[in-house]
Amino acid sequence: MSLEKDLKEVDKLVQKGTSCIKEGHPDAAVSVFLEALGKAELINNRHSVRVCSCNLGGLYLLLGDTQNALHYLEKSLPQNGVSYDSEAFYLNGDVYYNFGLAYLMIKQYEKAISNLKFAIENFDKVASKRASSAESHTLLAQAYTSLLNYKQGASEYKKNADICNELHDYYKAVKALINQANCLYHSCNPESCLSVIRKCPEICRHLEQDTKTGNLLFVYSTICSHTVEPLF
C-alpha cells in the first residue's frame, strides 16, 4: 500500500475515533485510536502520531487512567521543527491542556500550572479555541486555589469570565464571577468581593430560569450573605 493510501487509512480511523467520542463511547474510541496510532507510527507520520496520542491521552483521562494518559501525552509533545501555523497551535493547546488536567488530577499543581499556561499561550493564537482558553483559565484557577493562592485564582477566574462574556456563555460567566468572588473572600478582600458579585445580577438577566440557574443563584446568595451589605 502506498504512503498516501496509508495516510488516508489513518485519517479515516481518526474520524471514526472522533465519532466514537462524540457518541459517548470512549472505550471504543481508545481501540480505534490505538489502531490509528500503530499505522501512523509505521509510516512515520509525526503529525498523525501526535493527533492520535493526544486523543488517547484525553480519553484515558476521561476513563480515570492518568498513568496511560501521561504515557500517550508524552508521545504527542511538539518536537523541534514543528510548524508554527494555526493547526500546530490548535494541537499544541490540546496537548498541554490534557497535560495540565492530568497533573491537576494527581495533585501535581506546579506542573499543572506550567502546562496550562502553555495551553493558553497556544489557544490564544487560534480564534476558534477561545472556549478552550477559557476552560484552561478555570483549571489554572483550581490549581492556584489548591495551593491556597487565592489572589492568583481570582485573577484566572476573572479571565475566564471575560472570555465567557465575549462568547455569550452567560451561565459560565456568572459561575466564574462567583468563583472569583469566593477567592477574593478567602484572600480577605471584601471590597473587591462585593465589586465582583455586584456584576452577577446584570448577567443573570440573560439566563433562562431553570434548575441549573437556580443552583447557581443559590451559591451566589450564599456568598452575598457573607458580605457586609445586601446586594438585592
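# Salt bridges and positive phi angles

Modeller: Asp124, Arg130 and Glu166 are linked in a network of salt bridges, a salt bridge being a side-chain nitrogen of Lys or Arg within 4 Å of a carboxyl oxygen of Asp or Glu. This is a predicted model, in which local features need pLDDT of at least 70 and side-chain atom pairs count only at pLDDT 80 or more, while totals for chains, interfaces and linings use all residues. Residues are numbered from 1 along each chain as its sequence is written, and side-chain values use heavy atoms, with hydrogens and water left out.

Biologist: How many salt bridges does a search of the whole structure find?

Modeller: The search finds six. In general, side chains of opposite charge can pair when their charged atoms come close.

Biologist: How far apart are the closest N and O atoms of arginine 130 and glutamate 166?

Modeller: In that salt bridge they are 2.9 Å apart. The pair links distant parts of the chain, with arginine 130 in helix 7 (residues 130-146) and glutamate 166 in helix 8 (residues 150-166), 36 residues apart; helices here are DSSP runs of H or I with at least four residues, numbered from the N terminus.

Biologist: And which side chain meets glutamate 41 in a salt bridge?

Modeller: That is lysine 75, at 3.2 Å from N to O. This pair also links distant parts of the chain, since glutamate 41 belongs to helix 2 and lysine 75 to helix 4 (residues 66-75), 34 residues apart. Glutamate 41 is partly exposed at 38% relative accessibility, where partly exposed covers the range between buried (under 20% relative accessible area) and exposed (over 50%), with a 1.4 Å probe and protein chains only. Lysine 75 is likewise partly exposed, at 29%.

Biologist: Where do lysine 158 and aspartate 162 lie?

Modeller: Both are in helix 8, four residues apart, which is about one turn of the helix, and they form a salt bridge whose closest N and O atoms are 2.9 Å apart.

Biologist: Changing topic to the backbone, what is the phi of asparagine 44?

Modeller: Asparagine 44 has a positive phi of about 55 degrees, although it is not a glycine. The residue sits in the loop between helix 2 (26-42) and helix 3 (46-62), and asparagine 44 is exposed, with a relative accessible area of 66%.

Biologist: Then cysteine 188, is that buried or exposed?

Modeller: Cysteine 188 is exposed, at 68% relative accessible area. Its phi is near 60 degrees, a positive value in a residue other than glycine, and cysteine 188 is placed in the loop between helix 9 (170-186) and helix 10 (190-197).

Technical notes. Helix = DSSP H or I, 4+ residues; strand = E, 2+ residues; numbered from the N terminus.
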